[in-house]
Amino acid sequence: MSEVVKNKKRFGVMRLSDAVFGGYRLPLAGFVSILHRISGMLMCLLLPFALYLLDQSLRSEVSFAMLHVFFASIPVKLVVLALVWAYLHHFSAGVRHLLMDFHIGLDKDSGRQSAVAVLFVSLGLTALVALKLFGVF
């Protein structure tokens, strides 16, 4: 075996740390898959917070008015926007995975196109929600 092949670092079992820190260039479909997992985890972690806010808003008119003031701050709007992105990305990536379960878009080219579509749809809809949230229209 030649020295070039022997000394070349080969990737065996891939871990997320290898993709992030190891110099492995992750394909776009893999990046969307990781974002799908992150968005699911983000929604799961923020669900108790969202349910608590819903409970407080339905408790009385005074608590609803207090939450209205609370949601007027920029950091809270950014957290809400992160939750909106997580939902939209998770939904669109889930539709992509359902299509793949029906054997639609399994080859490399259509997988990349569907990954681009997921990113475009989720970020585009999140931008529209951000414009509405920050009062542009």
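## Aromatic pairs and a helix contact

Being four residues apart in helix α5 (residues 74–101), Tyr87 and Phe91 are separated by about one helical turn. The model is predicted, and the structure holds two aromatic pairs. In one of them, the rings of Phe70 and Phe71 have planes at 75 degrees and centres 5.8 Å apart, so this pair is edge-to-face. Tyr87 and Phe91 form a stacked pair, with 20 degrees between the planes and 6.2 Å from centre to centre.

| Residue | Relative accessible area | Class |
|---|---|---|
| Phe70 | 37% | partly exposed |
| Phe71 | 30% | partly exposed |
| Tyr87 | 48% | partly exposed |
| Phe91 | 51% | exposed |

Phe91 counts as exposed because its relative accessible area is 51% and the class begins over 50%. Tyr87, at 48%, counts as partly exposed.

A helix contact also involves Phe70. Two packed helices are described by the angle between their axes and the distance between the axes. For helix α3 (residues 28–59) and helix α4 (residues 61–70), the axes come within 6 Å and cross at roughly 135 degrees; α3 and α4 are therefore oblique to each other. On the α3 side, the contact is made by Phe49, Leu53, Gln56, Ser57 and Arg59, while α4 contributes Ser63, Phe64, Leu67 and Phe70. The residues of this contact of α3 with α4 comprise five nonpolar, three polar and one charged. Phe70 thus belongs to the contact of α4 with α3 and is also a member of the edge-to-face pair with Phe71.

Technical notes:
Residues are numbered from 1 along each chain as its sequence is written. This is a predicted model: local features need pLDDT of at least 70, side-chain atom pairs count only at pLDDT 80 or more; totals for chains, interfaces and linings use all residues. Side-chain values use heavy atoms; hydrogens and water are left out. Rings of Phe, Tyr and Trp (its six-membered ring) pair if their centres lie within 6.5 Å; planes under 30 degrees apart count as stacked, over 60 as edge-to-face and the rest as tilted. Buried means under 20% relative accessible area, exposed over 50%, partly exposed in between (1.4 Å probe, protein chains only). Helices (H or I, at least four residues) and strands (E, at least two) are DSSP runs, numbered from the N terminus. Axes are lines fitted to C-alpha atoms, for helices over the stretch in contact, and angles run from 0 to 180 degrees between N-to-C directions. Angles under 35 degrees count as roughly parallel, over 145 as roughly antiparallel, 65 to 115 as roughly perpendicular and the rest as oblique. Contact means heavy atoms within 4.5 Å. Ala, Val, Leu, Ile, Met, Phe, Trp, Tyr, Cys and Pro count as nonpolar, Asp, Glu, Lys and Arg as charged, and the others, Gly among them, as polar.
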